[in-house]
Amino acid sequence: MMQDEAFEQIVSMFNWLVSWVAAGAMMFGGVVPYIPQYRDIRRTQNAEGFSTYVCLVLLVANILRILFRFGRYFETLLLWQSIIMIATMLAMLNLCTNVRVNAELNTKRRSFLDFDWKYFWSWSRFLDYVECVAAFTLTAAYVTYVLVDSAVFVETLGFLAVFSEAMLGTPQLYCNYQNKSTEGMSVKMVLMWTSGDTFKTGYFLLTQAPVQFWTCGMLQVLVDFSILFQVYYYRLYPKKPAPHAASHNACAKAL
């Protein structure tokens, strides 16, 4: 009898430990691929290899996900995941903006309040990005407040949140296709995306998250595996790039 109780306690502790590890992986796993990128930019003072549009997509996706929770409840763990990702993307933007401005001392300063679409998301101060994110958040929050009782709006909001995040890898996929090469792309980063997205999708399925979450998670995994297939294919059948070809880093998802 005592042995059975001891065994049950061990199993209970093990389940508790696994749940906490899974929770930590869910909250912080998404930001891990950006830590080496942040350190590399800070060390080299060069942000050319990282597209700040990655930050834009993730900010929009996670803001919409948080607003979606007001219309349809989902696990608090996923809410914290979005908050942590937003903070991480703002930190990346702050670093990239400072590095770019320091390298372009003679360039005319560009501001969000200029409302010049030509320079959208290419501003000279981190504060301009914060103003843009705040304006988007307030606008989206107001629309959500007005339409939160509409089931169609709420489901559409949730779909847009996860679909935009799921499509994050498509620019890299298209860039590789155009260049017929994956040179300049970090395979290690893609492997981290694939493992993280696979784990995340499995978690959504096991916890019975809203259908938008696991459907777009599967799409994200499909995009990741497509990029890995490109790595294999273009190494097997390499093609000499054109002399005037654009740099691969310019359109990278995140190196």
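The side chains of Arg 72 and Glu 155 form a salt bridge, with N and O 3.3 Å apart. A salt bridge here is a side-chain nitrogen of Lys or Arg within 4 Å of a carboxyl oxygen of Asp or Glu. Arg 72 lies in the loop between H3 and helix H4 (76-103) and Glu 155 in helix H6, so the pair ties together parts that are 83 residues apart in sequence. Helices are DSSP runs (H or I, at least four residues), numbered from the N terminus. Arg 72 is partly exposed at 32% relative accessibility, and Glu 155 is partly exposed at 30%. Buried means under 20% relative accessible area, exposed over 50%, and partly exposed in between (1.4 Å probe, protein chains only).

The model is predicted: local features need pLDDT of at least 70, side-chain atom pairs count only at pLDDT 80 or more, and totals for chains, interfaces and linings use all residues. Residues are numbered from 1 along each chain as its sequence is written, and side-chain values use heavy atoms, with hydrogens and water left out.

The structure holds 3 salt bridges. One of them joins Glu 165 and Arg 65 (3.2 Å, N to O). Glu 165 lies in helix H6 (residues 151-166) and Arg 65 in helix H3 (residues 53-71), so this pair ties together parts that are 100 residues apart in sequence. Glu 165 is buried, with a relative accessible area of 10%. Arg 65 is also buried, at 2%.

Asp 128 forms a salt bridge with Arg 125, the closest N and O atoms being 3.1 Å apart. Asp 128 sits in helix H5 and is buried, at 0% relative accessibility. Arg 125 is partly exposed, at 40%. Leaving aside neighbours within four places in sequence, Asp 128 is in contact (heavy atoms within 4.5 Å) with Arg 110, Ser 111, Phe 112 and Trp 123.

Helix H5 (residues 126-147) also contains Val 146. Val 146 is partly exposed, with a relative accessible area of 48%. Together with Tyr 142, Val 143, Tyr 145 and Leu 147, Val 146 forms a nonpolar surface patch of about 550 Å² accessible area. Patches are made of residues with over 30% relative accessible area and no salt bridge; like charges are joined within 9 Å, nonpolar side chains (Val, Leu, Ile, Met, Phe, Trp, Tyr) within 5 Å. Areas come from the Shrake-Rupley method with a 1.4 Å probe.

A search of the whole structure finds 0 disulfides, defined as pairs of cysteine sulfur atoms within 2.5 Å. For Cys 96, the closest cysteine sulfur is that of Cys 55, at 6.0 Å, too far for a bond. Cys 96 is buried at 1% relative accessibility. Cys 132 is buried at 12%.

Key:
Helices (H or I, at least four residues) and strands (E, at least two) are DSSP runs, numbered from the N terminus.
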